[in-house]
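Here are a few notes to read alongside the model. Have the 3D view open and click on each residue as it comes up.

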Amino acid sequence: MGRTEVNATIIGPEVERDFTFLVDTGAVFVGLPAEAIEDLGLVPIPDGSRRFVTANGVVERDTYSAYGRLEEQGFLATVITSPIPLIGYELLENMRFRVNPVTQSLERVGDEEMWPPYQL
């Protein structure tokens, strides 16, 4: 399928930082390395620890809330720690993007199109 990467900005309480994110449609949330979360000054969501099933087994992670910008559009996302910056499907769906595997880029889904493509 290829590798889709996008540039986006995460905005912390006192600093913002640009990242190159791997778009991972198998992930749910936005992922950032622990050092980046700390550098941005993101604070864990109270009682926001969650269990996740990953390729490496079940893990427990704190969750964070962060503002950001992707393709000049603002967003609010749930962030968890990950080895590399990732964007998961929750943010893609909320912002109405889908991955085009041919061009290895994001494309907007029109307002008239039901997305994700639910079966009725």
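Predicted model: local features only at pLDDT ≥ 70, side-chain atom pairs only at ≥ 80, totals over all residues.

1. In β6, Arg-69 is the bridge partner of Thr-9. That belongs to the pairing of β1 with strand β6 (residues 64-70), which is antiparallel and runs over four bridges.

2. What about the other neighbour of β1? Strand β1 (residues 5-11) pairs with strand β2 (residues 16-23), again in the antiparallel sense, over seven bridges. One place to check is Asn-7, whose bridge partner in β2 is Thr-20. The link from β1 to β2 is a hairpin, made through four residues.

3. How many salt bridges does a search of the whole structure find? It finds three. Besides the one in point 1, Glu-5 forms a salt bridge with Arg-3, with 3.0 Å between the closest N and O atoms. Both ends are partly exposed: Glu-5 has a relative accessible area of 41%, and Arg-3 has 49%. Arg-98 forms a salt bridge with Glu-107, and here the closest N and O atoms are 2.9 Å apart. Glu-107 is partly exposed too, at 28% relative accessible area.

4. Two loop residues deserve a click. Glu-71, in the loop between β6 and β7, has a positive phi of about 50 degrees although it is not a glycine. Glu-71 counts as partly exposed, because its relative accessibility is 43%. Arg-96 is not a glycine either, and its phi is positive, near 65 degrees. You'll find Arg-96 in the loop between α2 (89-95) and β9 (97-100).

5. Last, the largest pocket, which holds about 500 Å³ of space. Its lining has 18 residues, and Ala-27, Thr-54, Ile-80, Ser-82 and Leu-86 lie nearest the centre. Which strand gives the most to this lining? That's β4, with three residues. β4 (50-54), β5 (57-61) and β7 (73-81) each supply at least two. Sorted by class, the lining has ten nonpolar, six polar and two charged residues.

Definitions and conventions:
Residues numbered from 1 in each chain as written. Heavy atoms only, no water. 1 Å grid on protein atoms, 1.4 Å probe; cavity = no way out; pocket = protein on both sides within 12 Å on 5 of 7 lines; lining within 4 Å. Points joined across faces, edges and corners; volume = space filled by probe spheres on them. Nonpolar A, V, L, I, M, F, W, Y, C, P; charged D, E, K, R; others polar. Pairing = 2+ DSSP bridges. Buried < 20%, exposed > 50% of the residue type's maximum accessible area, 1.4 Å probe, protein only. Salt bridge = Lys/Arg side-chain N within 4 Å of Asp/Glu carboxyl O.
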